[in-house]
Amino acid sequence: MKLRKQVTVCGGAIFCVAVFSLYLMLDRVQHDPARRQSGGNFPRSQISVLQNRIEQLEQLLEENHQIISHIKDSVMELTDTGAVSPSGHLPFRSANGSWVLPFDGRPTFLAIKPQDCQFAGLFSFKPNLSMPFMFDNPDGGVWKQGFDITYEPDEWDNEPLQVFVIPHSHNDPGWIKTFDKYFADQTQHILNNMVVKLAEDSRRKFIWSEISFFSKWWESADAQKQEATRKLILGGQLEIVTGGWVMTDEANVHYFAMIDQLIEGHQWLERNIGITPRSGWAVDPFGHSATMPYLLKKANLTSMLIQRVHYTIKKHFASTRSLEFMWRQAWDTGANTDMFCHMMPFYSYDVPHTCGPDPKICCQFDFKRLPGGRINCPWKVPPKSIVEANVAERAQLLLDQYRKKSKLYRSKVLLVPLGDDFRYDKALEWDQQYNNYQKLFDYMNSHPEMHVQAQFGTLSDYFSAVYKASAVPEGARPTDFPVLSGDFFAYADREDHYWTGYFTSRPFYKSLDRVLESHLRGAEILYSLAVSNARHSGMEGRYPVSDYALLVDARRSVGLFQHHDAITGTAKENVVIDYGTKLLRALIGLKRVIINAAHFLVMKNKEFYRFYQTEPFLETDDRRATQDSLPQRTLIELDPAGPRYVVLFNPVEQERLCAVTVLVNTVRVRVLTEDGQTVPVQLSAQWSSASQMSATFMARLPPLGLAVFHLYDSADSPMTLRSDTLLRLPGHGVTARAEDPLPVRSLQADGQTFYISSQAVTLGFSGTTGLLESIRRRDDPQEVKVQVQFMIYGTRPSKDKSGAYLFLPDGKAKPYSQKESPVVRVVEGPLFSEVVAHYQHFEQTIRIHNVPGVDGLSMEITTTVDIRDQTNKELAMRLDTDIQSGDIFYTDLNGFQIQPRRRHPKLPLQANFYPMPSQAYIQDSLYRLTLHTAQSLGVTSLENGQLEVILDRRLMQDDNRGLGQGLKDNKKTVNRFRLLLEHRGLGNKVRKMRAARSDTLTNRSMMDTGVTSFPSILSHMTNSILNHEVLVLPVLPKRRGVPSLQTFAPFKSSLPCDMHLVNLRSIQNQDAQTPSQHTAFIIHRLGLDCELEAQNMAFNCTTTQGQLNISGLFKNLDIHLLQPMSLTLMHSGTPLANDSSISLEPMEISAFKLKLR
């Protein structure tokens, strides 16, 4: 009866909402001035006005229909209409075997405005720069990977060649040595010499990139040295280029961390030196992402330089003089995102490969290699010191190289880098390079017949000269320069040596990095909210504001790990340990920031708030014993004497209905909400400990908020149910059983497919392998083949082999096999069901949650991998489906945007792998299958209907790229994914296509490759919940009892569901590691594909055409400043009125400075 009443009440609610919505529509049509004016294209007659209003009403009716439809779906999903509990209790199992859960009284709707959907279909797919041209590698002569360059001697008679030689020193913050060891041995000496040697001659120039090193040096420099450095920078002799904490990798990194390390570097520069970088410099990342120019543009940089690009692409660009171009985002229909980009043309950024096409000649002008030094020229012709007797010949030889290189570009301005890794660490090299080059410049410049003006320069000196020569403003497009979009993956430096192995190398640390990023974002947001609320209530003095130092340390540790030899997995083993130690220390600090902020925010009466450094109020959710160990969940010990409290933190900016799992010491568990409502609990065995249980319960959590739940040790509750566990065992006569409290059944495995189901999906599994075979959505009669297979790649038997950087397989992957059949565990219950397949080198768990909304619409895949006993093997997970994807698949760039990919069968297998920081998908006219990932890995699609991801790689040798080691320090690693199957098309269109679908699939058309692709709103949310897990924070028992706690919900109203809060970052004070009064509010409006069938996501999802009223966003806080800023907060716009709405275009990231109190 209760259930029927609930259905009746909800039906009434639907009717009321419908009537009220229609009333609002008519009211909006009458009174909305924007809508009245939107018909400006019509004649101002009564008929046209009426026609206009009818069209508006039709649009509003469609929106209302969507809302009502989703409320109905929500009610139906939550109540399973018609099913009645035989005992009157919920949850229970209905006649068809599905579980019915209590209805939480919260019907929800999805209302995405049509205008917010139009974005995804507007864009023509532009040529993809990541696709290498036909694989060929002819001998180009002195420029092995290029061609012979010729010129006419009189080409510069009317416009002399301008040459800017740019001395630089590339300092890796960890690679062969640790960050601190490099600093002690080399970096500090480079910077100390720089101050002295640049001051000796005002014509000398130098550039520096890595602020992680620069800040460490600055802290140890005396005031005189600091002032001398400021003078060099302000005088234009020293330029800080890019200005990030590191020169970030661009393949594996997430855009949150890319932005954060850039902010950390830029904010340090602003506080300590007062400068703003103008130009980007990226000579060593192993391939380049289109996300980087966008972020630099948003940070107000005007130009950038890149180096490591596939040699065939370089050759093609050189042949068409396209090495300088405007890099435009694929979704940009105008030129708003254009960034001027210079691509270096040759093999490397070292001196032999930067003066011109002939390394044998260029090496003769690397004066560190003068005879008697520690390094020499491999081409056997050493440099000569420049003296009066040879200067004419030497200058002419060098000018010939300059002229040939300049023929590859469209302007008569030439950039010539002069440096290499950790160069200029000795005073002697400064003298050797600068003195000899100055003699060459003086000679060239004093001989007009040479038609050249040569000098030392900074990167911005060069770009400014290009703009001036082209007569355009800084950052603008010079006439006839090409406009290109796309990315530069995969990178090959020679032959078929593709740098696609590092997309997966050391996945343990790639996973740890993403955990850190989620904690850092969560800690930043909670800390900013806690400090603002403390100020609002006059309690700033009682709050541990000093936690800010922990935030700064974590920002810098996460920033350091984005370095292109850190997150890439390409550093020496002892350096990896050093990175891991820094990350673990940062993680511990962030957990402390989170529990301290949560403590303050959930206190019902803040007068009772007390902070004791040695007595934390909350425990952390888990602990890691060492930097290379997996986390152990915190045990909550229940006691009949009284309840335990847990605080749940939702790091996602939307309301969240989800299943939460805690570790308890008893099966006698009852869970209550803050207001005393009992919630369903599913108990399951903790297989590593007989005395511990997993208790999973359903929780609805406020956006970016904290919710309080009560856990009791009490007699069996009808809302607490035990999992049904079945062991499928190989072999005859093998049995297993377990007694209460959690019984286990067993049976002999057979080859028959078996199934687990939830209210959203049914999954089929192989009776032989225990691995996934099919997915059927509840609303679809058709079962979709999605077969999980595990594959093994070897490496080549001779010559070049796979290593940390390179993937050089010995052919196609072979199926993983083991002698014994796997043990398979099947767990079913009201809140989740899962299948766990145990193999020798991996264990895969596929779990589905039986809860409405985002959490229940995808499959959670956890694959624990341990290949420490393997030799030269790489383990891959392949999804083989009947989706007709052809040779097209999609991968993300940095979790920010989607890049279409095309498989090239004529290229080597390894050339078809790409980075997958957050997701990859395949699709046809009916379905899209997305694999979301919680760690960056390498991915490909080698056949129609396939997705394949490399999980781990163990390689015994170096691949000759400088590391000097293989990959032999593998860890037991947990790779986490979510698999989401979505219908393509809307409403009846989908149903018609489904009805027309033939059994042979021959009528399924290929997807249209002419449109830039975007995830659906459901896909965005799925990725968000995967990468930002709920944190379970137990309240520690108190002798004097626990004070009253309450839910903390920071928002008055929800953010539009196409907006993602990138960060809410407390800005540092000028003179100390303490927070200022200001907070950075960084927001990203997501690009949506609305051609995928909408689903009930269990929260109210609306869009607003990019409008957001920040002043009406935060509960109990007032906004005293709302100021638009550049992305890294160095350039400020005019402050807006505090009650202003802000507006974002799709895909736009914007930053604002707030003052919250």
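Helices and strands here are DSSP runs, numbered from the N terminus. With that in hand, welcome to the tour; the model in your viewer is predicted.

Start with the whole chain in view. Its secondary structure comes to 19 helices and 52 strands, and 63% of its 1157 residues are buried. Among contacts with a separation of 6 or more, 75% join residues 24 or more positions apart.

Next, select Ala-471, in the loop between helix H14 (459–470) and strand E13. Although Ala-471 is not a glycine, its phi is positive, at about 60°. This residue is exposed, with a relative accessible area of 69%.

Move along to Phe-489 and Ala-490 and look at the peptide bond from one to the other: it is cis, with omega near 0°. Ala-490 sits in the loop between strand E13 (483–484) and helix H15 (507–536).

Now pick helix H16 (residues 548–561) and helix H17 (residues 573–602), whose axes come within 9 Å and cross at roughly 145°. The crossing is left-handed. To see the contact, show side chains including Leu-550, Ala-554 and Phe-561 in H16, and Tyr-579, Leu-583 and Val-593 in H17. The residues of this contact divide into 11 nonpolar, 2 polar and 4 charged.

For the last stop, go to Leu-704, in the loop between strand E22 (693–701) and strand E23 (706–713). Here is another non-glycine residue with a positive phi, about 50°. Is Leu-704 buried or exposed? Leu-704 is buried, with a relative accessible area of 1%.

Conventions: Residues numbered from 1 in each chain as written. Predicted model: local features only at pLDDT ≥ 70, side-chain atom pairs only at ≥ 80, totals over all residues. Heavy atoms only, no water. Axes fitted to C-alpha atoms, helices over the stretch in contact; angles between N-to-C directions. Helix = DSSP H or I, 4+ residues; strand = E, 2+ residues; numbered from the N terminus. Left-handed = near helix turned anticlockwise from the far one by under 90°. Contact = heavy atoms within 4.5 Å. Nonpolar A, V, L, I, M, F, W, Y, C, P; charged D, E, K, R; others polar. Buried < 20%, exposed > 50% of the residue type's maximum accessible area, 1.4 Å probe, protein only.
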